[in-house]
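Biologist: I am new to this structure. Please show me how to read it, one feature at a time.

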Amino acid sequence: MVGMVKELSAGVYHYNPHEHSIKLLVEGDIRKPLARACVAQMFIADAPISIVITAEYGRITDRYGDRGVRYAHMEVGHVGQNIHLQAEALGLGTVVIGAFMDDEVAGILHLPDKHRPLYVMPVGHM
Ligand SMILES: Cc1cc2nc3c(=O)[nH]c(=O)nc-3n(C[C@H](O)[C@H](O)[C@H](O)COP(=O)(O)O)c2cc1C
């Protein structure tokens, strides 16, 4: 989810890890609605981008049963830590946001039904 980024129009983008590419899904600056859905933590709307990490639980529980939910939550912590490290390396700031209304965030991002948001990570200059 992006706004005010040079050479990238505002919108919601999906990251494809296999191709290391992003694809525009929803046009427009949705930072304010996103911040409101994060229990009105409005500083989120000031960040040029927020990375939203989602889980599709069925893909991991099919393999590991109910324990897969635990693994998804461990993995989102690892991903969040890596984003923290990369932000630090680039001289940027970030924070993990866990306080948000799941269904509102999913609606704003037009997430497919099975994709559940786990972390919102605004990234910007300190
Ligand atoms: C699961 C989880 C959810 C969090 N949710 C929020 C949040 O919604 N808003 C926020 O400002 N910080 C949130 N934080 C960040 C913490 O408030 C804190 O900034 C972070 O854990 C680093 O703390 P430290 O600098 O004291 O080590 C969350 C942290 C974790 C681990």
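Biologist: Which elements do the buried residues of helix 3 pack against?

Modeller: A word on the source first. This is a predicted model, in which local features need pLDDT of at least 70, side-chain atom pairs count only at pLDDT 80 or more, and totals for chains, interfaces and linings use all residues. Residues are numbered from 1 along each chain as its sequence is written, and side-chain values use heavy atoms, with hydrogens and water left out. Now your question. The buried residues of helix 3 pack against strand 3, helix 2, strand 4 (93-94) and strand 5 (116-124). Contact means heavy atoms within 4.5 Å. Helices (H or I, at least four residues) and strands (E, at least two) are DSSP runs, numbered from the N terminus.

Biologist: Which residues of helix 3 are buried?

Modeller: Start with the general idea. An α-helix has 3.6 residues a turn, so residues three or four places apart point the same way. In helix 3 the buried residues are Gly68, Ala72, Val76, Gly80, Ile83 and Ala87. Buried means under 20% relative accessible area, exposed over 50%, and partly exposed in between (1.4 Å probe, protein chains only).

Biologist: How many residues does helix 3 have, and what is its reach?

Modeller: Compare the span with the expected one, which is 1.5 Å times one less than the number of residues. Helix 3 has 23 residues. From first C-alpha to last, helix 3 reaches 34 Å, close to the expected 33 Å. Just after helix 3 comes Gly91, with a positive phi of about 75°.

Biologist: Which residues other than glycine have a positive phi?

Modeller: Among them are His20, with phi near 50°, and His110, at about 55°. His20 lies in the loop between strand 1 and strand 2. His110 sits in the loop between helix 4 and strand 5. His20 is exposed, because its relative accessible area is 63%. His110 also counts as exposed, at 55%.

Biologist: What space lies in the largest pocket?

Modeller: First, the terms. On a 1 Å grid over the protein atoms alone, a cavity is a set of points where a 1.4 Å probe fits but cannot get out; a pocket is an open set with protein on both sides within 12 Å along at least five of seven lines, and lining residues have an atom within 4 Å of a point. Grid points are joined across faces, edges and corners, and a volume is the space filled by probe spheres set on the points. Here the largest pocket holds about 1600 Å³. It is lined by 38 residues, and the closest to its centre are Tyr15, Pro17, Val52, Ile53 and Thr54.

Biologist: Which element gives the largest share of that lining?

Modeller: Strand 3 does, with seven residues. Strand 1 (11-16), strand 2 (21-27), strand 3 (49-55), helix 2 (57-64) and helix 3 (67-89) each supply at least two. By type, the lining has 26 nonpolar, nine polar and three charged residues. Ala, Val, Leu, Ile, Met, Phe, Trp, Tyr, Cys and Pro count as nonpolar, Asp, Glu, Lys and Arg as charged, and the others, Gly among them, as polar.

Biologist: How many aromatic pairs does the structure hold?

Modeller: Rings of Phe, Tyr and Trp (its six-membered ring) pair if their centres lie within 6.5 Å; planes under 30 degrees apart count as stacked, over 60 as edge-to-face and the rest as tilted. This structure holds one pair. Tyr64 and Tyr71 form it edge-to-face, 5.1 Å centre to centre, with 80° between the planes. Tyr64 is partly exposed at 41%, and Tyr71 is partly exposed at 27%.

Biologist: Is Val120 buried or exposed?

Modeller: Val120 is buried, because its relative accessibility is 0%. Its place is in strand 5. Beyond residues up to four places away in sequence, Val120 touches Leu34, Cys38, Ser50, Ile51, Val52, Val95, Val96, Ile97 and Phe100. Val120 and Leu34 are 86 residues apart in sequence, yet 9.2 Å apart in space, C-alpha to C-alpha.
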